[in-house]
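Biologist: Before we turn to single side chains, I would like to learn how to read the inside of a model like this. Could you take me through it step by step?

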Amino acid sequence: MKSYNEKRDFSKTSEPRDEPSKKKNEKPIFVIQKHDATNLHYDFRLEIDNTLKSWSVPKGPSTDPSVKRMAIPTEDHPIAYASFEGVIPKGEYGGGTVMIWDTGTIESNKKDEHGQVISLEDSFKAESIEVTLHGKKLKGGYNLVEMKGGKMKGNWLLMKQDDAEADARRKPVSTQSKSVTSGRTLNEIAQEETKTSSK
């Protein structure tokens, strides 16, 4: 299987290379990137073990605890990818427009039978993650659990924990459509990046 760097031609794409992260002694981060590729989806990425563990969520995250979203595991991305917003050229791997839909810090809220917090690394290995998001659009607890059987075996489910931040009435995917870093919509990112690259 080709690595992250081998799949990309960095003379054509402005995506960051996969290089050792210089980030140290800070809280782990998350980023959700709205990605208008072959199919519009949301890339849900958590910093675990010095990389961004990633899942493709076709319908995007929900704030309703009763809603289960399919989360398809994808390749690890470098920490630097959390700040990437722009256009991946057509014909390149993942070609399409990428927006930073939400970002912030995370912490594990999964506990063992003694009430001790289980690390994100151990939770990922156990294929059951419980995490608190401190984002601009999403806050509170979320669960990511790998499905063990059936047609969807190997995929994960993303679910909102039933906490103070849960809200079945909120529809952030449809009502909050702009980048949290640049304030741009997907169309604005695509238009502005195209203008810049054509100069």
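Modeller: Please keep in mind that this is a predicted model. The largest nonpolar core has 23 residues, and those with the most contacts inside it are F44, L46, W55, I129, L133 and L144.

Biologist: Which strands and which helix each supply at least two residues of this core?

Modeller: The contributors at that level are strand 1 (29-36), strand 2 (40-48), strand 3 (51-57), strand 6 (96-108), strand 7 (128-135), strand 8 (139-146) and strand 9, together with helix 3 (186-198). Strand 2 gives the largest share, which is four residues.

Biologist: If I take F44, what is it in contact with, leaving aside its neighbours within four places in sequence?

Modeller: With those neighbours set aside, F44 is in contact with V31, I32, K53, S54, W55, V57, L133, L144 and L158. There is also a second, separate core of 12 residues, and I29, V31, L52 and A82 are among its members.

Biologist: How should I read a pair of aromatic rings?

Modeller: Such a pair is described by the distance of the ring centres and the angle of the planes. In this model the count comes to seven aromatic pairs.

Biologist: Are Y81 and F84 buried or exposed?

Modeller: Y81 has 2% relative accessibility and therefore counts as buried, and F84, with a relative accessible area of 6%, is buried too. Ring pairs also link Y81 and F84 with Y4 and F10 into a cluster.

Biologist: What kind of pair do F124 and W156 form?

Modeller: F124 and W156 are stacked, at 6.1 Å centre to centre and with 15° between the planes. Because F124 lies in helix 1 (residues 120-125) and W156 in strand 9 (residues 156-160), this pair ties together parts that are 32 residues apart in sequence. F124 is partly exposed, with a relative accessible area of 25%, whereas W156, at 5% relative accessibility, counts as buried.

Biologist: Where does the charged end of K160 sit?

Modeller: The charged end of K160 sits over the ring of Y142, at 5.1 Å from the ring's centre.

Biologist: Which residues does the UniProt domain annotation cover?

Modeller: The unreviewed UniProt entry annotates residues 33-145 as "domain: DNA ligase D 3'-phosphoesterase". In the model, this span is 5% helix and 54% strand, and its end C-alpha atoms lie 20 Å apart.

Notes
Residues numbered from 1 in each chain as written. Predicted model: local features only at pLDDT ≥ 70, side-chain atom pairs only at ≥ 80, totals over all residues. Heavy atoms only, no water. Phe/Tyr/Trp six-rings, centres within 6.5 Å; stacked < 30°, edge-to-face > 60°. Buried < 20%, exposed > 50% of the residue type's maximum accessible area, 1.4 Å probe, protein only. Lys NZ or Arg CZ within 6 Å of the ring centre and 35° of its normal. Core = buried A, V, L, I, M, F, W, Y, C linked by side-chain atoms within 4.5 Å. Contact = heavy atoms within 4.5 Å. UniProt positions renumbered as here; feature names shortened; annotations may be inferred.
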